[in-house]
Amino acid sequence: MTTDLLRLATAGSVDDGKSTLVGRLLYDTKSVLADQLEAVERATQGGGDPDLSLLVDGLRSEREQGITIDVAYRYFATPNRSFVLADTPGHVQYTRNTVTGASTAQLAVLLVDARHGVVEQTRRHAAVMALLRVPRLVLAVNKIDLVEYDEPTFSTIAKEFHEIAERLGYDDEAVVAIPVSAKRGDNVVLASENTPWYDGPTLLDHLESVPVDGPDAAAPFRFPVQTVIRPRTAEFPDYRGYAGLVGAGTVRVGDPVVVLPDGQRTTIEGIDRFEGPQERASAGESVVLRLADDLGVARGAVIAAADDAPEPVTEFTATLAWLHEKPLVPGRRLLVKHGTHTVQAMITEVADRLDVQTLERVPGPENLEINDIGNVSITVAEPLPLDDYERVAATGSFLVIDPQAGDTLAAGMCAPRS
Amino acid sequence: MSADVGVDFQTSSDSDATPLTTTDELDALESEAIHIIREVAGEFDRPVILFSGGKDSMLLVHLARKAFWPAPVPFPVLHVDTGHNFDEVIDFRDAVVERYGLTLEVASVQEYIDDGRLSERADGTRNPLQTTPLLDAITEHRHDAVFGGGRRDEERARAKERIFSLRTAFGAWDPSRQRPELWNLYNGRHKAGEHVRVFPLSNWTELDVWRYIAREEIELPSIYYAHTRDVFARDGMWLTSGPWGGPRDGEEVVTKTVRYRTVGDGSCTGAVESTATTLDEVLVEVRESRLTERGATRADDRLSEAAMEDRKKEGYF
């Protein structure tokens, strides 16, 4: 039996019922086991139906405050597909969680309350999903029972959301709106009799059938080297291989490649795994590459397709999502972690900041604070082979790290070269 | 309104040469785990794998062998030995260490009790006592990265655990200080004395673990499969008779056909009634089980709603 894996993120405002929706997905797919349910029943105040949101509010401080404060990961499965769900809290100040959840998601479920429709947070979340290039969006129009399952209410919200998504660059087919009631279960797992006017899939039907967008298999080949494999054993005295995860594209034995940032050219002599040699490897696979020439490649290098490789640079522009309470101070010494390479860096200029309410870029901010998104200019101490994030996410993304405290300060996405 | 943050999405239909990547779930989880293990090799000086001989730690060792093949696993393994062990598991542990040429470090709870650094709990349970010997061993060997087999599906507090989880010099987990984890870029920076717990199996479920064990034919201690055993009932679990304080008055020893879903301290790890003697039969049982493995078999996790959260803050796995 083989099943595939879909990674998704959920985002919504505080009272949209996101925890209840996620709880409902777990509950109706029978991913909740008896002891977990008993714990929820014990904790549900005042008896009655179990409060499904309690299935997913993890930390005690969250339960006490009745809110979710950190990204939580949930697992559920159907016979055909397994799901890793990043449940991201919807508070205004938690854009950083949305960014974190979106960074690995192949699909995002955004929630709105049918009574309120699309609100500022919906726009913000959609903008973050677009920025991180989450390929597909679902709008769950929740609490549809509280508007008497009114079709025009749903259609108006769905139309407005489709327009926002289109402005953000989404094709119509990549966006689906579904009327649901997480509390009552309408159209979450089971099709509802209360929405006869709706002929689309339930949320789970959609999650089960939507194509899984593989990680950049069609993009040019990129391979950040993690570590050098040199056994020096009697059986393998001269073996030298480069271990890593294919970040993008596909590589075959015999392919011409270039080792960045130095730029030496060679060819792929072998692709090895524990199970034995193989002819090719694609994005998402952990393998060991052997090269035809002995080039002294070390951790931090990127092996890339010879005919389509980025030019290493020391100055570049990028979009940053600032994640830390400490604001960005231009000119301060920082670290950038790109692929497997960490280098000294300095942010020289903050060009603009995204106004998340109007989605407009406001030029000339003094700095970026937590949850701000903005465009900056960066100088690094050693050349980095950066791709346009839009084209190759694996080598177009990076972290900004505080060299003293070690904290992750920002998520970076490289802009296209001008 | 500006569309500046938007970007044109390419649909896959415009490329006729799109190589379809395999998205088989177990392959994806395996590659992710190997990537995590190799990142630790690249960024840390003295990693160690927590190794009890249980299924999750066997999985870690298996994945580490794959990650560095044809070179040997470049890390030692560390067993926090509560002294309340199943003999089968200790024998198995030693055989695995021998077979793969691993270096075994042992942190012994019994030694701590014998010399008075720890005292036995009233309930006889030694799982909570593991934290001090573990932290001392980490300090003594100057380990800066510690691999654990923890999974996010095990329990609610673990659902928020990072793959790279920063710990203070006292081993403490501070949920509010955890770093956001983006893409597959892990941040392993830490100060002297701090260390990072690393969980390569974070995204696996119990069923994934068993399916992978079956696929890879990973050998496990015999107690994971059904066998007859003298047991007694306590707190709704079948505990095995042994030097750790059981049965007590009024607890009757009976012979049952059981197996273990987790391997931990003998005093608080319960067996489940089972006739599953093969991997395939265990898989069927796991698929149909209506209890989480921790809920079914770990008395220590049932102490309170927030039991795991509290123990993690103190430096538990």
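This is a predicted model: local features need pLDDT of at least 70, side-chain atom pairs count only at pLDDT 80 or more; totals for chains, interfaces and linings use all residues.
Residues are numbered from 1 along each chain as its sequence is written, with chains lettered from A and ligands numbered from 1 in the order in which they are written.

**Helix H5 of chain A**
- Because eleven of its twelve residues are buried, H5(A) is largely enclosed by the rest of the structure.
- H5(A) covers residues 120-131 and reaches 16 Å from its first C-alpha to its last, close to the expected 16 Å, a span taken as 1.5 Å times one less than the number of residues.
- Just after H5(A) comes Arg133(A), which takes a positive phi of about 65 degrees.

**Make-up of the two chains**
- Chain A holds eight helices and 23 strands, and chain B holds nine helices and ten strands, these being DSSP runs numbered from the N terminus (helices H or I, at least four residues; strands E, at least two).
- Of the 418 residues in chain A, 54% are buried, and of the 317 residues in chain B, 51% are buried.
- Among contacts in chain A between residues at least 6 apart in sequence, 70% join residues at least 24 apart, a contact being a pair whose C-beta atoms, placed from the backbone, lie within 7 Å.

**Nonpolar core**
- The largest nonpolar core has 194 residues, and those with the most contacts inside it are Ala108(A) and Val141(A); such a core is a set of buried Ala, Val, Leu, Ile, Met, Phe, Trp, Tyr and Cys residues joined through C-beta atoms within 7 Å.
- The largest share of this core, nine residues, is contributed by H1(B).
- Leaving aside residues up to four places away in sequence, Val141(A) touches several residues, among them Val112(A), Phe154(A), Ile157(A) and Val180(A).

**Packing of H1 and H2 in chain B**
- The axes of H1(B) (residues 25-43) and H2(B) (residues 55-68) come within 9 Å and cross at roughly 75 degrees, the axes being lines fitted to C-alpha atoms over the stretch in contact, with angles from 0 to 180 degrees between N-to-C directions.
- H1(B) is therefore roughly perpendicular to H2(B), on a scale where angles under 35 degrees count as roughly parallel, over 145 as roughly antiparallel, 65 to 115 as roughly perpendicular and the rest as oblique.
- Glu30(B), Ala33(B), Ile34(B), Ile37(B) and Arg38(B) in H1(B) meet Leu63(B), Ala64(B), Lys66(B) and Ala67(B) in H2(B).

**Backbone features in loops**
- The peptide bond from Leu260(A) to Pro261(A) is cis, with omega near 10 degrees, and Pro261(A) lies in the loop between strands S11 (256-260) and S12 (264-273) of chain A.
- In chain B, the bond from Trp69(B) to Pro70(B) is also cis, with omega near 5 degrees, and Pro70(B) is found in the loop between H2 and strand S2 (77-81).
- Glu217(B), although not a glycine, has a positive phi of about 55 degrees, and with 7 C-beta neighbours inside 10 Å it counts as exposed.

Key: Two residues are in contact if their C-beta atoms, placed from the backbone, lie within 7 Å. A residue is buried if 20 or more other C-beta atoms lie within 10 Å of its own, exposed if 12 or fewer, and partly exposed in between; C-beta atoms are placed from the backbone.
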